[in-house]
Amino acid sequence: MDILKDTFTRERIKDIIESLGYEFVGVEFVVESGRNIMRVYIDSIGGILISDCEKVSKKIDALLNEHDEKIPQHFYLEVSSPGMERPLFEIKDYIRFKGKKVKVKLKNPLEGRKNFKAFIEDVEGDKVFFRTPEGEVFSVPVSSVFKCNIIPEELEQFGHKEKQTRDDRKRRKK
């Protein structure tokens, strides 16, 4: 997956998405159930439709086809809206969603915790301050966060968990 990260930098993907008029939310390179996945999140003021995901997928796919010889493994390209459990990637995301409840997974334990739910209390420099429901406040550098997702109030209120769905999947092979 490193060759993917090196060839398809965040900035290149962001440029493609923004040139099409969408907001670039983020990109992640993951391995799930033995499958290599490049997952790209997009958004827009009016929301995202499957046709939007297809449009972005085709444009990214054209870039991928130009670099096929550099990609040694099979992988899936997924283009999706961020959904209700929106992932947060950068400091600007934490600033934008200050006050929201989030589910946090850290790369390494902090005060005995690696996973917790908290509110985004504040942001200073590259640090995010999380306040747990018990009132504890943790200062965490964004670089130490493995994954952070918004917990939608609607789902929290009714105790439902949103199913993970992907709007567009495409098998890429060399």
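Me: Is the crossing of α2 and α3 left-handed or right-handed?
Reply: Right-handed. Keep in mind that this is a predicted model.

Me: Ok. Which residues make that contact?
Reply: From α2 you have Arg12, Ile13, Ile16 and Ile17, and from α3 there are Val56, Lys59, Ile60 and Leu63.

Me: At what angle do the axes of the two helices cross?
Reply: Roughly 135 degrees, and the axes come within 10 Å. Helix α2 covers residues 10–19, while helix α3 covers residues 50–66. Angles over 145 would count as roughly antiparallel and 65 to 115 as roughly perpendicular, so α2 and α3 are oblique to each other.

Me: Switching to strands. In what order do the five strands of the open sheet sit?
Reply: The order is β7-β6-β5-β4-β8, with antiparallel pairing.

Me: Which strands stand at the edges?
Reply: β7 (137–141) and β8 (145–150). Each has a single partner strand, so one side of each has no neighbour in the sheet.

Me: How much does the twist average from one strand to the next?
Reply: It averages 40 degrees.

Me: What about β4 and β5, how many bridges do they pair over?
Reply: Six, in the antiparallel sense. Strand β4 runs over residues 101–110 and strand β5 over residues 113–124. As for one of the pairs, lysine 105 has asparagine 115 in β5 as its bridge partner.

Me: New topic: threonine 132. Where is it?
Reply: Threonine 132 sits in the loop between β6 (127–131) and β7.

Me: Buried or exposed?
Reply: Buried: the relative accessible area of threonine 132 is 1%, and under 20% counts as buried.

Me: What is it in contact with, leaving aside neighbours within four places in sequence?
Reply: Threonine 132 is then in contact with Arg113, Lys117, Ala118 and Phe138.

Me: Zooming out, how many helices and strands are in the protein?
Reply: Five helices and nine strands. Along the sequence the pattern goes α-α-β-β-α-β-α-β-β-β-β-β-α-β.

Me: And how much of the protein is made up of buried residues?
Reply: Buried residues are 41% of the 174 residues. On contacts, if you take those with a separation of 6 or more, 61% are between residues 24 or more positions apart.

Methods
Residues numbered from 1 in each chain as written. Predicted model: local features only at pLDDT ≥ 70, side-chain atom pairs only at ≥ 80, totals over all residues. Heavy atoms only, no water. Axes fitted to C-alpha atoms, helices over the stretch in contact; angles between N-to-C directions. Helix = DSSP H or I, 4+ residues; strand = E, 2+ residues; numbered from the N terminus. Parallel < 35°, antiparallel > 145°, perpendicular 65-115°, else oblique. Left-handed = near helix turned anticlockwise from the far one by under 90°. Contact = heavy atoms within 4.5 Å. Pairing = 2+ DSSP bridges. Buried < 20%, exposed > 50% of the residue type's maximum accessible area, 1.4 Å probe, protein only.
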